[in-house]
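Subject: Structure handover

Hello,

Please find the structure below. My notes on it follow.

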Amino acid sequence: MNDTMRSALERFVATAARANAVAIAEAKLLSGGAIQENWLVRAEISGGPHAGVLDAVVRTDSPSGVAVSHGRAQEFALLKAAFGAGVTVPEPLWLCEDREVIGRPFFVMRRIAGTAAGHVLVKDERLGGDRAKLAERLGAELARIHSIRPPRADLGFMPTHDESPALHSVVRFRAYLDAHHTPHPALEWGLRWLERHAPARGDYALVHGDFRTGNYMVDEHGLTGVLDWEFAHWGDPMEDIGWFCARCWRFGAVAREAGGIGARDDFYRGYESVSGKPLDREQARYWEVMAHMNWAVIAIQQAERHVSGEETSLLLALTGHIVPELEYEILTMTEN
Amino acid sequence: MRDQPTGEELLDTARAVLRDDLIPALPADKRHAALMIANALSIAARQLKAGDAGERAELAALEGLLSEPFATHTDDGPSLRDALAAANRKLSQWIRAGRADHGALRDSVRAHLDDVIRRKVAESNPKYLGAKA
């Protein structure tokens, strides 16, 4: 971090934290993140309610990144809403939308510790503490996310729709496939099934949109935080249940139906303990078909970034070759 | 006439060197990239081995299902890929319109899709089919 950014950040935190002085002792840029930058920061705060050492993450839009209007402001609002609803997330501290400070919007959140990598989590039983408790805890966390309901002035940037969220997704996926150079009749088969079996618009809530193993962090005791809020939207809460339990997000540990880390019953019990009503098992199955469809369309889009020459990447290229097994799973789940 | 080994055999041999000699010697943060390369070589080798017999069979099956020929030519005309795209686009429209919801057409479309997707998975990730069986 250069001196200009460092002193600008120190001044900003001093004002936001009502401190006498702030010194940034350490700052390290984390890898990854084409759109935003993440800085691990240790700030020494003198005076005020936050006096002491603060371990934080500073999330910015990347200077060269695509222009995402209010990107960080939206994410900050989502974290605030989740934190307020009792969801375990990195505590959002301060947002700066003034581009004069470091040249781009950013926010500061409390740093959390742990491991998120899905393939590590499903193999290393020492992580995440007692696994039945972890599955139950994740269910409870998800139900807290779903307790956030529209209308919400602070989350007004996300559109609401009157139609069935399931049918809304079917229309969106078909539109993408129609514009794509390679037709996928097996996905069309799945979409027709999803259309014919679509649940009506029922509960309508904040959907995390990417709630799965790999997107929450654990240490050896248990959950430390739910991450990756960029796909959050208003929709059917069952979408998150299906995404979490879908076979394609079990990282090979297919027998542990709750995200490859636990039993479905434990996850459901945790969810029901907070939502206060029984979870519809049959609908969960529907949304697992939807999850495979969603992932298949995303995989095609990611591969296309490579194929079109926009971003040459072996990872993106290989993601295109996950599509066949997703198609296979969709066919298997829609036999009748 | 090309000299041996074939491209497919070269990929298999290259992959064995990667797997047996290189990956064990790599630092942990480079292993994932090397495993991705090994996977890419495997997929390419399986596609080379399968040739275009599978896609030709797929096109013939589509012509039967849709009762319509989709011409392919080696020179000026549409390629096998173009013909398959046209035929699969039409099958997609049929499915979307509900023509494969019931009856004999439903069963034959379903059997066709099962065949085609099995063939695709056999190239992209044959272990997936093994695990399910």
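What is the order of the strands in the open sheet of five strands in chain A? The order is β1-β2-β3-β5-β4, with antiparallel pairing. Strands here are DSSP runs of E with at least two residues, helices are runs of H or I with at least four, and both are numbered from the N terminus. Two strands pair if DSSP finds at least two bridges between them.

Before the rest, a note on conventions. This is a predicted model, in which local features need pLDDT of at least 70 and side-chain atom pairs count only at pLDDT 80 or more, while totals for chains, interfaces and linings use all residues. Residues are numbered from 1 along each chain as its sequence is written, and chains are lettered from A and ligands numbered from 1 in the order in which they are written.

The edge strands of chain A are β1 and β4 (92–96), each pairing on one side only. From one strand to the next, the twist averages 25°. Angles run from 0 to 180 degrees between N-to-C directions, and axes are lines fitted to C-alpha atoms, for helices over the stretch in contact. β2(A) and β3 (residues 52–61) of chain A run antiparallel and are joined by 10 bridges. Glu44(A) stands opposite Val53(A) in β3(A).

Helix α2 (residues 71–84) of chain A packs on the sheet, where it touches β3, β4 and β5 of chain A, and its direction makes about 155° with that of β4(A). Helix α1 (residues 3–16) of chain A lies across β1, β2, β3, β4 and β5 (106–110) of chain A and runs at about 130° to β1(A). Contact between two residues requires C-beta atoms, placed from the backbone, within 7 Å.

A loop residue

Ser31(A) sits in the loop between β1 (21–29) and β2 (36–46) of chain A. Ser31(A) counts as exposed because it has 5 C-beta neighbours inside 10 Å.

A buried helix

Helix α8 (residues 238–245) of chain A has eight of its eight residues buried, so it is largely enclosed by the rest of the structure. Among the elements of chain A that its buried residues pack against are α5 (131–146), α6 (165–179) and α10 (281–307).

The contact with chain B

The contact takes 16 residues from chain A and 20 residues from chain B. α7 (185–196), α11 (314–319) and α12 (323–333) of chain A each supply at least two residues of the side of chain A that touches chain B.

Regards

Conventions
Buried ≥ 20, exposed ≤ 12 C-beta atoms within 10 Å, placed from the backbone.
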